[in-house]
Structures are given as structure tokens and as C-alpha cells.
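The sequence and the structure are shown first.

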Amino acid sequence: MKHIVFLLYILTFAVGFSAIALSILFYIRERIGWFKYYIIFQSAIQFLLFLYALRLYNDISFFHVNDIVIMVITAISFANMVFLIYIIPFTVFHMIHRPWGMRENIIVISVDAVYIVLTVLYLVMHYDIVFFSILNAIFFADVIFCIVISLHSLKNIQERTTKNAVRVFMLLSAVFFPLIVLNSFFDNLFGAETMRYPFGMLSMPLYHLWWNLTLVIYLIYYLSKPKNRRIIHDFLKAHHITKREEDIIDLLIEGRTNKNISDLLSISPNTVNNHIANIYQKTKAKSRVDLMNLLS
């Protein structure tokens, strides 16, 4: 079973690196401020999973390292956790456009300080279950706080891209987060030691894998669209353009005629004309050229 888990980690790495590469391209193209923090957060998660995989590889291979190296890997893993406790709420606050000031900095840094002290005690006490449980509780509380505040702020998010990202994050968290919590408190999972890890060995890479698969699919779709697509989306949302009207606008941008649009969407020419008339009315455009100027 350990070998299957290790293969899962390799697959997760491949998808994760693809997601990071596409995220960098997305940021370079769109320059959405909070997305650079997301890339840092994503890289930290990827590094954490890499450290877990190293420990797992040591368990399944014929070449075993000594306990000092294992302790160093474990310590680095917890240092990464300290960073994640800070970067997760920092990224979420910027994503939902919530102010991040001195008060937030002091609170999160204080939590990190407590986490560091407990981590030292945990390592010195040879992986005592009490400290292990407290460390998990602190991290999970940090994540739950971010989930709650994102859910509360969802209705206030205007950008469609950000709102969709939050919705997908909520859905996947609802499925996987309870499993991660339960997994982290079990001593063994299919024979793989988990007590020296902040998380269990299986739930976390599965969560990371599905989230990044979703992100890769979305970014490939998004990056295939024109460069100013995000601006167009924001413009259309502000004018309450429906999904069908947006499809027609996409075809108008491509230079399609009304007859082409009718054939491609399998609707009558009169329906196309009615949709275009509604688009003109909502955007205050007087012609197709006027509409293209507004979109640009």
C-alpha cells in the first residue's frame, strides 16, 4: 500500500507543477494582485508534499537514512507549516479583497509563535500525542477560519474568476477536509506511519491532486481565450449579460455574422437579433462597432 501512496505523490507532483507553471503564466498575463500570493502558497504546499514523499520513500526503499536526517526533514516540514499558517489567511484576505493590516499581522504571527514553541516541545518529547493533537488543531483552526470568512464574503466578490475559485475551493474542502482531519489523528494508515507528520499520508495529496486538476483544466481554458478576457468578463457582469448573450458576444468578437451565430448556436436568426438587441440595450451600445469599442 505504501508503494501506491508513493505513486499517488508522484502523480500529485506532476499535476501540481503543471498548475504552478500555468498559474505563473496566468499572473503574467492578467496581473491579478492576489494571485502571486496564491502561487507562493501553492509552492509551499508542493514543497510540503515533497518532504512527505521523501519520508515515505525512506520507508519503502532499501536505502534508509538515519534518525537525525528524518528529524531534520520533520523539522523542515513543521517550518513549512508555520509559513502556511501565515500565508493561507494572507492569501485569502487579498483574494476576497478584505483589508490586511497590523492587527491581522500581529494575530497570525502570535499564532505562529505559539506553533513554533509547541513544535519544539513536540520534537523534544519524541512526538508526544498531546502536542501532536494541539499542533493539528491550530493548523486546522487556521484553515477553518479561512473557509468561513471566504464563505461569508462570497456574496461580496464581484470578479467572476475569484468567485468561481472560491466556490470550487469550498466544494473540495467540504469533501476532503473532514477526511484530512480524521486521517491526521490516526496512528497508522494502511501500515504507513503518520505520527511524525502534520497530516496523514493519503488525504492531503488527494485533496491537492483534485484541486490542481480543476485548476489546470480551468487555466488551460482561460489562457486559450483573448488576452483581455477577464476585463470583458467584468464588463459583462457589470451589465448583467446572460450566459447565452455572452456566447453571442464571444462570436461577435470573432467577427461572425448573425447567420453564422444562428448556425453555430442552433437558434433562429430572429432569436440572435433579439439577443443582440438586448445586449445593445444593456451596454448602451448603438452598433457592433460601438460594442467592440466598449469591450476593448
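## Second largest pocket

The lining of the second largest pocket consists of 9 nonpolar, no polar and 4 charged residues. Here Ala, Val, Leu, Ile, Met, Phe, Trp, Tyr, Cys and Pro count as nonpolar, Asp, Glu, Lys and Arg as charged, and the others, Gly among them, as polar. The model is predicted: local features need pLDDT of at least 70 and side-chain atom pairs count only at pLDDT 80 or more, while totals for chains, interfaces and linings use all residues. Residues are numbered from 1 along each chain as its sequence is written, and side-chain values use heavy atoms, with hydrogens and water left out.

The volume of the second largest pocket is about 200 Å³. Phe93, Glu104, Ile107, Val108 and Phe145 are the closest to its centre of the 13 lining residues. Two or more lining residues come from each of α3, α4 (102-124) and α5, and α4 gives the largest share, 5 residues. Helices are DSSP runs (H or I, at least four residues), numbered from the N terminus.

A pocket is found on a 1 Å grid over the protein atoms alone, as an open set of points where a 1.4 Å probe fits, with protein on both sides within 12 Å along at least five of seven lines; lining residues have an atom within 4 Å of a point. Grid points are joined across faces, edges and corners, and a volume is the space filled by probe spheres set on the points.

## Largest pocket

The largest pocket holds about 660 Å³ of space. It is lined by 30 residues, of which Tyr38, Phe41, Ala165, Phe169 and Trp211 are the closest to its centre. The elements that supply two or more lining residues are α2 (35-60), α3 (67-95), α5 (129-153), α6 (160-184) and α7 (203-223). This lining has 24 nonpolar, 6 polar and no charged residues.

Helix α10 (residues 258-265) and helix α11 (residues 269-283) have axes that come within 9 Å and cross at roughly 110°. Axes are lines fitted to C-alpha atoms, for helices over the stretch in contact, and angles run from 0 to 180 degrees between N-to-C directions. α10 and α11 are therefore roughly perpendicular (65 to 115 degrees). Asn258, Ile261 and Ser262 of α10 are in contact (heavy atoms within 4.5 Å) with Pro269, Val272, Asn273 and Ile276 of α11. By class, the residues of this contact are 4 nonpolar, 3 polar and no charged.

Helix α9 (residues 243-253) also crosses α11, at roughly 95°, and the axes come within 10 Å. That makes α9 roughly perpendicular to α11. From α9, the contact takes in Arg244, Glu245, Ile248, Ile249 and Leu252, and from α11, His275, Ile276, Asn278, Ile279 and Lys282. These residues divide into 5 nonpolar, 2 polar and 3 charged.

## Helix α11 with α12

Helix α12 (residues 288-295) packs against α11 at an angle of about 50°, with the axes 11 Å apart. The residues comprise 4 nonpolar, 1 polar and 1 charged.

Terms used. Angles under 35 degrees count as roughly parallel, over 145 as roughly antiparallel, 65 to 115 as roughly perpendicular and the rest as oblique.
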